[in-house]
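Have a look at it first, and then read on.

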Amino acid sequence: MLTLTIDGRQIEVKEGSTVLQAAREHEIYIPTLCDDPRLEPYGGCRLCLVQIEGVPRPVTACTTPVSEGMKVETTNEYIEGLRRTVVELILSDHPNDCMVCEKAGDCTLQELAYFYGLRENRFRGERRQYAKRDANPFIERDMEKCILCGKCVRVCEEVQGVSAIEIAYRGFNAKVCPPFEKDLDCEFCGQCVSVCPTGALMGKLSLGKGRQKDIKKVDTVCPYCGCGCNLTLHVARNEVIRVSSSPETLNEGWLCVKGRFGFKFISSPERLNTPLIRKNGRFEEVSWQEALDHVAERLGGIRDRYGPDAIAGLSSARCTNEENYLFQKFFRAAVGTNNVDHCARY
Amino acid sequence: MENSTILIKVCMGTGGIAAGGTEVISAFEKELQAEGISAAVEKHCSVHKVGCRGFCARDVLVDVLIDGEKTTYEYIKPDMVSRIVKEHILQGEAVQEWVVKDDYRTFHEKQRKVVLSDCGEVDPEDIGSYMERGGYDALRKVLTSMTPEETIEVIKSSGLRGRGGAGFPTGLKWEFARRAPGDTKYLICNADEGDPGAFMDRSIIEGNPHSVIEGMVIGAFSMGAHRGYVYIRAEYPLAVERLRLALEQARKKGLLGEHIAGTEFSFDIKIKLGAGAFVCGEETALIASIEGKRGMPRAKPPFPAQKGLWGKPTVINNVETLANIPYIVRNGAGWFAQFGTERSKGTKVFALTGKIKNSGLIEVPLGIRLHEIVHDIGGGIEGDRKLKAVQTGGPSGGCIPAEMIEIPVDYESLAEAGSIVGSGGMVVMDETDCMVNIAKYFLEFTQAESCGKCVPCRIGTKRLLEILTRITDGRGRPGDIELLESLSNDVRAASLCGLGQTAPNPVLSTLRYFKAEYEAHVHEKRCPAGVCKNLLTYTILEEFCTGCTMCARVCPANAIVGERKTPHRIIQDICIKCGACFETCKFKAIKKG
Ligand SMILES: Cc1cc2nc3c(=O)[nH]c(=O)nc-3n(C[C@H](O)[C@H](O)[C@H](O)COP(=O)(O)O)c2cc1C
Ligand code: SF4
Ligand code: SF4
Ligand code: SF4
């Protein structure tokens, strides 16, 4: 453990922590746009600049390791002036169309503009404008809103291991894009969408489906596989319009394409709500009791006539461990066959 | 001249080749082969290509050495060769009218050549020619009779500081890397040279690549590295080619590779071509680029000496820094330290350009007065106009105004004056240069070369450029000067790497010394130097105009009206401010301003 002073408060932190981690552990607020504790430090947005006694220039808290006896000042007129300039510069190259932006209400940039009371902008000038729309099926990429925090690029490389996107071009024209600016063609895990601090990356399925304030959040577990990732369903007007996952969950907020974007079946008119039995060539709705009786009768019949090995059971990765245990037990003990398998095996 | 030894050295740097050096060499070879001549001179006459000796404006430069006595010719074209051969080589009579003039001597008189001492003398494509002049002696000495610690000590006490811009003590850097734990360490030579108009490092590699290689091997031995890279921009094809050849020759001679000079020490060098991004000269971006990533800087610490290429301790040194090493080891730390000042030791190579009579590559002792560079070496201002300022340090540097011409050129003095030594760009400006326009020029460069990683640099330099553009376009607003100043200070303080941190320097230093010029642009919509087109008006002074009609005839926009022999008039709405009339009028009747 090391002892250092932040804003006059003496605190103890683990060796190897950064100043930002130290401050957060002790609930000292330092604004950031490009930091995500789950990703490598970047030092790009320059909002977490702090002053350290004996160091001539301000340094970024996210990249500076703590040292014994360090004296840090996280806020003063000078630092806030620099941060304000940074936010003002970002806004000078931003569409500022919060009225129609999907992200309004959940946008870190909007927060900062509010915090610094930025209505006027001293730096009004050229703004990046891109006409082309990315035609991929899942992710709306509005690069005019991108602040180049690099989080999407880092998550795609560091967490997903895909590197589907990278920063291209230089200077003011720098831009996050897939190779050769083609349409995004990747795993569509949506990790990038989940870390984007602005409205630059949004799920296409949720566009125009509801404002942040109208959303009811329901925590649940993903039904797709046995991993059991935690999901938060965003419900508007009794319809699931988006899925997110909190970084504090077991899955650290990361999901796959199915968990993140595969939710449209919930409100599909084709979805089965009751068991069906084919009677006279047509499916008819029946009760669970009738359906289970029907299955038991047929399975029993087959076993009696052809022996238990005429029956095989195939289970799904969408079942939990417990369900799969019961399934094989049922086949081995109740049906009496070892013909039991699981989709994840092939 | 039958029994004399005759050496002909033709400048074949990039400048020499552009001026026709290749053709001049072949002309010499052809003439010397010619009947009657070859028999007379054959055995003891040879023609060599040599690298740049600095005075590129006079290329092709040719040295003729007869028994060691040197005559230098300037502006040599292939068709002049036959006369030189006939009169000088065969009869011993130099062709006086083509021999360099007095200014060639004054150009060199105040220079002190260490790094460049063999440039223009040795054949860069022949290792033997370098070795004849003592090349690789230093390496042998280090490998056979010194420990790494002793070598580091020599470099430390020589006072050598990095020539790549930051001026960090080289010996100290090596020591950090030596002390860093681990067996795998790297040494990288930074030959990215991205400053516009800079050609110091290129000339060193083109003129004497072995000095860099020798310096690298000594450095690698000192820090304990076994692998090295030269990161060089692909736009330097000649330098790359000569370097490649030099590496091969050094390997063949056992001076590079396994068991160097028969000792236990092994070290080899790879060339890595850069794609010509200014930011890739920044050390962490350079490392990312070698690793195959996008060249973007990262925050330090960790410093490369702790965690560099592939996560291993790494030293990055500039070309000129490394090229100094063999000479320091050969001649001793004390010899090197005699040049320069208390804290800035040795010499520095500068690319002297701009409105100066003798432009070219120069090497001077640090601490030399700027005045001596401009007036003695440079020969003063072109067209005998008035000196206005000297820009040093390229896009990261600043302007030294004419009033400060006595300033010593060293790290501390230039920093105090708001500029830097930098990598060695030196642009001389006269009264016809507009300082706002100069600042704009450099900002155009830095904002286009910003890597885009951090906000203050990516957007801040763009906004600085926009403000400068509107000021020079005559659309400057009240408050713009203050805005420039405050944004410059913020970009400088808040940017991640050296590019953004120094990008506002050209603005801040011109604001410091030439604020009145900014004010004239913004408040009076006037460009005192007469450079910014939108702020210019050409008017005809009736009292001087004779009505000769010359101006009306040259005006491409037909903006000038008037009867013959009566005063003419410029219609301002039509005038495109090209200045053709101003240049043409014989009676000084046209006023620019
Ligand atoms: C934007 C930028 C560009 C740079 N370009 C170069 C360059 O072209 N060549 C160079 O030697 N150093 C360059 N540097 C400095 C290097 O980062 C590094 O300090 C230097 O190569 C160290 O070598 P030295 O100690 O021998 O000077 C640059 C720095 C910055 C911030
Ligand atoms: S959806 Fe996943 S794979 Fe595709 S770009 Fe985003 S993070 Fe990378
Ligand atoms: S798209 Fe979003 S996450 Fe990616 S760089 Fe831009 S703002 Fe950051
Ligand atoms: S200062 Fe400029 S060049 Fe350096 S990291 Fe920031 S954006 Fe890139």
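What follows goes from the overall build of the chains to helix packing and then to a few backbone details.

**The two chains**

Keep in mind that this is a predicted model. Let's start with chain A, which has eight helices and 16 strands.

Chain B has 26 helices and 17 strands. Here the rule works out: for 593 residues a compact globule would have a radius of gyration near 25 Å, and the 27 Å of chain B agrees with that. Taken along the principal axes, the box filled by the C-alpha atoms of chain B is roughly 85 × 70 × 40 Å.

| Helix pair | Angle between axes | Distance between axes |
|---|---|---|
| α20(B) and α21(B) | about 160° | 10 Å |
| α10(B) and α14(B) | about 45° | 9 Å |
| α7(B) and α14(B) | about 65° | 8 Å |

Take α20 (residues 460-472) and α21 (residues 480-494) of chain B, which pack at an angle of about 160°. That angle makes α20(B) roughly antiparallel to α21(B). The crossing of α20(B) past α21(B) is left-handed. Which residues do the touching? On the α20(B) side they are B:G460, B:R463, B:L464, B:I467, B:L468, B:R470 and B:I471, and they meet B:D480, B:L483, B:L484, B:L487, B:S488 and B:V491 of α21(B). Sorted by class, this contact has eight nonpolar, two polar and three charged residues. As background for reading such lists, an α-helix has 3.6 residues a turn, so residues three or four places apart point the same way.

α7(B) passes α14(B) in a left-handed crossing. Here B:A138, B:K141 and B:V142 of α7(B) meet B:P326, B:V329 and B:R330 of α14(B). By class, the contact has four nonpolar, no polar and two charged residues.

**A helix in chain A**

Back in chain A, have a look at helix α7, residues 288-306. What does this helix of 19 residues reach from its first C-alpha to its last? The answer is 27 Å, close to the 27 Å expected at 1.5 Å a residue.

**Backbone details**

Most residues other than glycine have a negative phi, and most peptide bonds are trans. With that in mind, A:E27 is worth a look: its phi is positive, about 55°, although A:E27 is not a glycine. You'll find A:E27 in the loop between α1 (19-25) and β3 (49-52) of chain A.

Where are cis peptide bonds found in chain B? One of them runs from B:D59 to B:V60, with omega near 0°. B:V60 sits in the loop between β2 (45-50) and β3 (62-66) of chain B. The peptide bond from B:K300 to B:P301 is also cis, again with omega near 0°. B:P301 belongs to the loop between α13 (283-290) and β8 (314-318) of chain B.

Technical notes
Residues numbered from 1 in each chain as written. Chains lettered and ligands numbered in written order. Predicted model: local features only at pLDDT ≥ 70, side-chain atom pairs only at ≥ 80, totals over all residues. Heavy atoms only, no water. Helix = DSSP H or I, 4+ residues; strand = E, 2+ residues; numbered from the N terminus. Expected span 1.5 Å × (residues − 1). Axes fitted to C-alpha atoms, helices over the stretch in contact; angles between N-to-C directions. Parallel < 35°, antiparallel > 145°, perpendicular 65-115°, else oblique. Left-handed = near helix turned anticlockwise from the far one by under 90°. Contact = heavy atoms within 4.5 Å. Nonpolar A, V, L, I, M, F, W, Y, C, P; charged D, E, K, R; others polar. Rg over C-alpha atoms; globule rule 2.2 N^0.38 Å.
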